[in-house]
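Let's walk through this protein model together, one question at a time. Keep the picture open while you read.

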Amino acid sequence: MDIEQPLNFRLAREAFRWDGVAHQPYKQDGEAPFKDISRQVLFHEDALACELRYFEMDKDGYSTLERHEHAHAVMILRGHGQCMVGEEIRDVKQFDLITIPGWTWHQFRANAGEAFGFLCMVNATRDRPVLPTAEELAAMRANPAVAAFLGS
Ligand code: MN
C-alpha cells in the first residue's frame with residue numbers, strides 16, 4: 001500500500017481536501033460498479049489498526065454495491081444523499097452516523113442533487129469486497145424500494 005505515516009498536524013483545505021492527503025479518483029470505465037467517486041485516506045495508523053477515509057461522490061455518483069466481512073463506521077460529512085444497508089434505505093445528511101455490519105450489502109448514492117461525502121472507518125487489515133452475482137442482484141431488486149434506489 002502506498003500510504004505514508006502522516007505528519008501529526010495537517011491542514012484542511014477548501015472543498016474537502018487536506019494537506020498531505022492524496023486525492024484518488026476511482027478509475028472508471030463502462031464496466032465499473034461505481035460512478036464519480038473519489039477516496040482520500042486521512043489516517044492510516046498502525047498503532048490503531050484502523051484507517052479513516054473520506055469518500056466523495058459528485059452529484060449522481062455512487063459507491064460500489066458490495067459486502068464483506070469487515071464492518072464500516074460512517075459519518076456523513078458533506079451534503080445529502082441516500083444510503084442502503086441491507087434492504088434498509090435512508091435519506092442521510094451531514095453528521096448522520098451509519099453502522100454497516102459485516103456481510104451486509106451497502107451502497108451510497110449522491111441522488112439529492114449535490115456532492116455527497118462521508119468519512120468511513122475500517123480495520124487496516126480487512127477482506128476484499130465482494131460484488132453481487134446476477135442472481136443476488138435480481139433477488140435484491142425484487143424489493144421495489146431497493147430497485148428504485150439502485151435505478152436502471
Ligand atoms: Mn464497503
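Q: How many residues does the largest nonpolar core have?
A: This is a predicted model, where local features need pLDDT of at least 70, side-chain atom pairs count only at pLDDT 80 or more, and totals for chains, interfaces and linings use all residues. Residues are numbered from 1 along each chain as its sequence is written, and side-chain values use heavy atoms, with hydrogens and water left out. A nonpolar core is a set of buried Ala, Val, Leu, Ile, Met, Phe, Trp, Tyr and Cys residues joined through side-chain atoms within 4.5 Å, where buried means under 20% relative accessible area, exposed over 50% and partly exposed in between (1.4 Å probe, protein chains only). Met57, Val74, Ile76, Ile98, Phe108, Phe116 and Phe118 have the most contacts inside the largest core, and its size is 18 residues.

Q: Which strand gives the most to this core?
A: Strands here are DSSP runs of E with at least two residues, helices are runs of H or I with at least four, and both are numbered from the N terminus. Two or more core residues come from each of strand 5, strand 6, strand 7 (80–85), strand 9 (97–100) and strand 11 (116–123). The top giver, with 4 residues, is strand 11.

Q: Which residues does Ile76 touch, leaving aside its neighbours within four places in sequence?
A: Contact means heavy atoms within 4.5 Å. On that count, the partners of Ile76 are Val92, Lys93, Gln94, Phe95, Asp96, Ile98, Phe108, Phe116, Gly117 and Phe118.

Q: Which residues hold the manganese ion as protein donors?
A: Donors are N, O and S atoms within 2.8 Å of the metal (3.2 Å for Na, K and Ca), and since water is not among the atoms, sites may look incomplete. In sequence the donor residues follow the spacing E-x1-H-x3-H-x33-H. They lie 1.9 to 2.3 Å from the ion, and they are Glu66 (OE), His68 (NE2), His72 (NE2) and His106 (NE2).

Q: How many residues apart in sequence are the parts that His68 and His106 tie together?
A: His68 is buried at a relative accessible area of 1%, and His106 is buried too, at 3%. His68 sits in the loop between strand 5 (50–62) and strand 6 (72–78), while His106 is in strand 10 (residues 106–109), so the pair links parts whose separation in sequence is 38 residues.

Q: Is Thr64 buried or exposed?
A: Look for Thr64 in the loop between strand 5 and strand 6. Leaving aside neighbours within four places in sequence, Thr64 is in contact with Pro33, Phe34, His106, Gln107 and Leu131. With a relative accessible area of 13%, Thr64 counts as buried.

Q: Where does Ala49, a residue with a positive phi, lie?
A: Phi of Ala49 is near 60°, a positive value in a residue other than glycine. Ala49 is partly exposed, with a relative accessible area of 45%. Its place is the loop between strand 4 and strand 5.

Q: How far apart in space are Pro144 and Phe118?
A: Pro144 lies in helix 2 (residues 144–150) and is exposed, with a relative accessible area of 63%. Pro144 and Phe118 are 26 residues apart in sequence, and their distance in space, C-alpha to C-alpha, is 26 Å.
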